[in-house]
Amino acid sequence: MIGSRFINAARRHLREETGASLIEYTVVISLFLLVFFAILDFGRLGFNWVMTEKAMQRAARIATVRPPVCTGVPVTHALLSGTTDRIGTLCRTGSACANGGVQQCVLGNVNTFDCTAVTNTAGEIWCTLEPILPSNATPRHIWVSYTYDPQLGFAGGPYTPMIEVGIATADNDNSSGAATNPINFAQELRFEFLTPIPGMAALAGGGAMGNLPSGGGLPSIPFPDMSVSLPGEDLNTGTNG
């Protein structure tokens, strides 16, 4: 009895010519797949965000124990001209050390470094970070800042600035607040979605996430302004700092 009912239902389904079931199935499965891949997209966003933050921490640590990436960074705390203090006087007295200023730059104006033959600090930082950064990241996206701190070091001793490493944002704003980052050739790092849902949702709500490339295509959003600051330790050559 049950078998005959099943056979009769199957025959009626085969004789159906409207195609309504097929259309419903197509609509439902398309929406399901679109939402499914959008969830994967946001998972990629969270993963890239966390790994980029970790990359900045590792970059800052390397920069504190390696020769400066930027040019113009002093080697030692120069004794302030005209002072009566002597070599060895703590900079925090306010009258012993000359102000070393602020030096800023990006890791390099290149797409990558040859990690089989690293010869400088910028290359060492990039080759350490590259495996955990987003696939579209380049050395142009990472900036480094060396800022004189009068609370660190002593006159005549090794120069120990505050070192900050960060991701270039739309306005290249230095999150330390000391100065606006003058690096006008730094490139903004963006996360690129693989599905159009995030952009479509933002456009429907008037949000900023629906930022489409100039030639159309899928939406992308800029990474937030993230950076890490550490005091310099020994801006000198060496291994396994």
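How many helices and strands are there in the chain? The chain has four helices and six strands, where helices (H or I, at least four residues) and strands (E, at least two) are DSSP runs, numbered from the N terminus. Read from the N terminus on, the elements follow the order α-α-β-α-β-β-β-α-β-β. The model is a predicted one, in which local features need pLDDT of at least 70 and side-chain atom pairs count only at pLDDT 80 or more, while totals for chains, interfaces and linings use all residues. Residues are numbered from 1 along each chain as its sequence is written, and side-chain values use heavy atoms, with hydrogens and water left out.

A view of the whole chain comes next. Of its 241 residues, 36% count as buried; here buried means under 20% relative accessible area, exposed means over 50%, and partly exposed lies in between (1.4 Å probe, protein chains only). The accessible surface of the chain comes to about 13800 Å², and carbon and sulfur atoms account for 59% of that surface. Accessible areas come from the Shrake-Rupley method with a 1.4 Å probe, and for residues only the protein chains shown count as cover. Contacts (heavy atoms within 4.5 Å) tell a further part of the story. Among those between residues at least 6 apart in sequence, 73% join residues at least 24 apart.

The disulfides deserve a paragraph of their own. A disulfide is a covalent bond between the sulfur atoms of two cysteines, and the cut-off applied to a pair of cysteine sulfur atoms is within 2.5 Å. A search of the whole structure finds three disulfides. With bonded cysteines counted along the chain, their pattern is 1-4, 2-3, 5-6.

One of these disulfides joins C70 to C105, with an S to S distance of 2.1 Å. The torsion about this S-S bond is about -90°, so the disulfide of C70 and C105 is left-handed. The pair links distant parts of the chain, 35 residues apart: C70 sits in the loop between α2 and β1 (102-106), and C105 in strand β1. C70 is buried because its relative accessible area is 6%, and C105 is buried too, with 13%.

C91 and C97 are also joined by a disulfide, with 2.0 Å from S to S. Their link is left-handed, with -80° about the S-S bond. C91 has 2% relative accessibility and therefore counts as buried, and C97 counts as buried at 7%.

Another disulfide is formed by C115 and C127, whose sulfur atoms are 2.1 Å apart. This link is left-handed, with -95° about the S-S bond. It connects distant parts of the chain, twelve residues apart, with C115 in the loop between β1 and α3 (121-129) and C127 in helix α3. C115 is partly exposed, at 37% relative accessibility, whereas C127 is buried, at 18%.

The surface holds a feature of another kind. F32, L33, F36, F37 and L40 form a nonpolar patch there, with about 480 Å² of accessible area together. Patches are made of residues with over 30% relative accessible area and no salt bridge; like charges are joined within 9 Å, and nonpolar side chains (Val, Leu, Ile, Met, Phe, Trp, Tyr) within 5 Å. A salt bridge is a side-chain nitrogen of Lys or Arg within 4 Å of a carboxyl oxygen of Asp or Glu. Within this patch, F37 belongs to helix α2 (residues 20-64). F37 counts as partly exposed because its relative accessibility is 42%.
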